[in-house]
Amino acid sequence: MFVLKSDHDVLIFDLYIYQTKKKIDNEARFNWSKGDYKNMRELFKNIDWSTIHDMDVEDCWKVIKDNIYAAMDDCIPKVANKGEHKLKPQWITKSVLRKIKRKYFLYKRFLQTQDGIDYQRYIKVRNECGREVKKAKKAYESKVAQNCKQNPKCFWKYVRSKLNVNSSVSSLATKDGDLAVTDEHKANIRNTFFSSVFTRENITNLPNIELASRSNGAMLSDVLITPQAVKEKLCKLDASKAFGPDGIPPRVLKELHAELALPISILFNKSVESGVVPFDWRNATVTALFKKGTRSDPGNYRPVSLTSILCKVLESFIRDAIVNYMTDCSLYTKCQNGFRKGRSCTTQLLEVMEDFTKYLDDNDSFDVLYLDFKKAFDSVPHERLLFKMQTYDITGQVLQWVRNFLAGRVQRVRVGRAFSEQADVLSGIPQGSILGPILFTLFINDLPDDISSVCKIFADDTKICSCTSHSQYKKIWIIW
């Protein structure tokens with residue numbers, strides 16, 4: 001009997017192959033670049049907006065939304081979607097494109113004739129085309145590099161094209177160990193996972209937080225929004241941004257900024273005064289962005305919510321009011337470097353390096369603790385956040401509006417052209433919203449209060465260091 005030995009290992013694996021024919025979406029879409037915005041502005045000039053003064057928030061929003069929809073149908077042409085097609089590289093100019101077409105034409109002629117003269121012509125044009133392509137690529141890359149600060153979107157688009165990264169969503173593992181391969185199944189798995197991280201808050205056992213005023217008598221309770229302020233906000237909208245579930249694009253709002261300033265200001269003031277947020281503004285379409293790790297794990301994706309553009313405009317007014325109030329009253333902790341004017345991850349790094357350098361210069365030893373809260377934005381409990389806002393004397397209409405903004409939210413995940421079922425949002429702050437980062441900084445603003453060691457924070461990333469030389473080790477207690 002012979003026993004055979006080998007230094008090779010046997011690999012056993014399952015290979016899932018799923019093939020499906022891509023569906024072509026033939027639904028007509030708006031061609032925003034060819035819209036008759038001049039005629040659209042004339043239509044809105046003739047609308048009498050005095051009727052919306054006596055309406056509630058939902059009815060007021062419906063009137064404005066229906067008028068925008070009607071104007072879009074009348075003034076913006078639609079084009080049929082012919083399916084996916086490969087886009088030509090951005091560096092190709094008209095002259096380069098003519099050279100490339102000429103090269104292929106001469107090559108096909110040579111294949112037909114097998115004539116030496118045709119071959120020489122092809123070789124000549126091929127060499128000229130190669131030089132033109134190199135020249136065009138160099139000129140385009142130089143232009144992208146020079147304008148990277150003014151147009152970072154173009155820069156990162158070119159970088160992604162060179163990385164050749166597959167942005168499509170890979171197959172996801174289910175709880176049973178199977179793989180979800182269809183877009184609809186992937187969307188539902190993601191939505192189920194994103195919903196599982198929500199905090200089921202026990203509102204009967206709220207922590208005992210001191211409600212003593214921290215603002216020395218100041219208070220933020222209301223926000224007044226003028227038509228001129230709305231006009232300025234609409235003018236600054238980025239027309240290339242995607243629109244939310246309500247279907248109103250920023251391009252239309254920007255083009256009609258003067259005509260829509262009055263009705264939108266009325267709507268915003270009604271919403272703030274009554275503390276009512278339209279349901280359309282609490283509806284989000286979630287896109288999952290891959291972070292790191294295994295692509296088949298739903299936990300390795302970050303949910304980014306796509307919400308109504310008009311809601312984001314109103315959020316910016318609330319955000320500005322809160323930030324100005326917190327800054328003027330010096331209520332922000334000095335440890336926070338995130339989402340604050342004049343502060344960034346760079347300033348936090350410089351402060352930390354200064355502390356570390358001081359310890360080293362004094363020949364002291366020190367310990368450093370790095371904290372990164374898992375699913376921090378998605379797990380923020382709403383009632384505790386609102387309770388903390390009251391400790392900073394943020395009350396009245398502003399507090400009520402934030403309460404309604406967070407309550408009753410729903411979301412669905414989109415993968416390709418498929419959507420998951422809607423799910424209720426029980427906790428957290430929408431990632432991708434304007435107000436979200438400021439609300440999160442308010443929630444963790446008191447984190448350094450009970451920490452005796454040096455604490456530096458950027459959003460939820462926290463560094464805690466303590467000098468251990470010539471002293472007993474200090475215990476650090478962190479309550480989350």
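Contact here means heavy atoms within 4.5 Å. By that criterion, residues 24 or more positions apart account for 75% of the contacts in the protein with a separation of 6 or more. This is a predicted model, in which local features need pLDDT of at least 70 and side-chain atom pairs count only at pLDDT 80 or more, while totals for chains, interfaces and linings use all residues. Residues are numbered from 1 along each chain as its sequence is written, and side-chain values use heavy atoms, with hydrogens and water left out.

**Whole chain**

Start with a cartoon view. The protein has 14 helices and 12 strands; these are DSSP runs numbered from the N terminus, with helices being H or I of at least four residues and strands E of at least two. Of the 480 residues, 39% are buried (under 20% relative accessible area, with exposed over 50% and partly exposed in between; 1.4 Å probe, protein chains only).

**Helices α3 and α4**

Select residues 94-113, helix α3, and residues 116-146, helix α4. Two packed helices are described by the angle between their axes and the distance between the axes. Here the axes come within 9 Å and cross at roughly 155° (axes are lines fitted to C-alpha atoms, for helices over the stretch in contact, and angles run from 0 to 180 degrees between N-to-C directions). α3 and α4 are therefore roughly antiparallel (over 145 degrees; under 35 is roughly parallel, 65 to 115 roughly perpendicular and the rest oblique). The crossing of α3 past α4 is left-handed, meaning that the near helix is turned anticlockwise from the far one by less than a right angle, whereas clockwise would be right-handed. Residues making the contact include K99, K103, L106 and F110 of α3, and Y119, Y122, R126 and C129 of α4.

**Aromatic pairs**

Stay with F110 and Y119. The structure holds 18 aromatic pairs (rings of Phe, Tyr and Trp, the last by its six-membered ring, with centres within 6.5 Å; planes under 30 degrees apart are stacked, over 60 edge-to-face and the rest tilted). The ring centres of F110 and Y119 are 5.0 Å apart and the planes lie at 50°, so this pair is tilted. F110 is buried at 15% relative accessibility, while Y119 is partly exposed at 36%.

Next, select F356 and F366, a stacked pair with 5.0 Å centre to centre and 25° between the planes. F356 belongs to helix α11 (residues 345-361) and F366 to strand β7 (residues 366-372), so the pair ties together parts 10 residues apart in sequence. F356 is buried at 15% relative accessibility; F366, at 22%, is partly exposed.

**Charges over rings**

Show W61, F268, W281 and F317, which form one aromatic cluster. Elsewhere, R412 lies over the face of F419, 3.9 Å from the ring centre.

**Helices α12 and α14**

Move to residues 382-391, helix α12, and residues 436-443, helix α14, whose axes are 9 Å apart at an angle of about 75°. That makes α12 roughly perpendicular to α14. R384, L385, K388 and M389 of α12 make the contact with L439, L442 and F443 of α14.

**Last stop: T333**

Select T333, in the loop between α10 (309-328) and α11. T333 counts as buried, at 13% relative accessibility. Leaving aside neighbours within four places in sequence, T333 is in contact with R340, N445 and P448.

Definitions and conventions:
A charge sits over a ring if NZ of Lys or CZ of Arg is within 6 Å of the ring centre and within 35 degrees of the ring normal.
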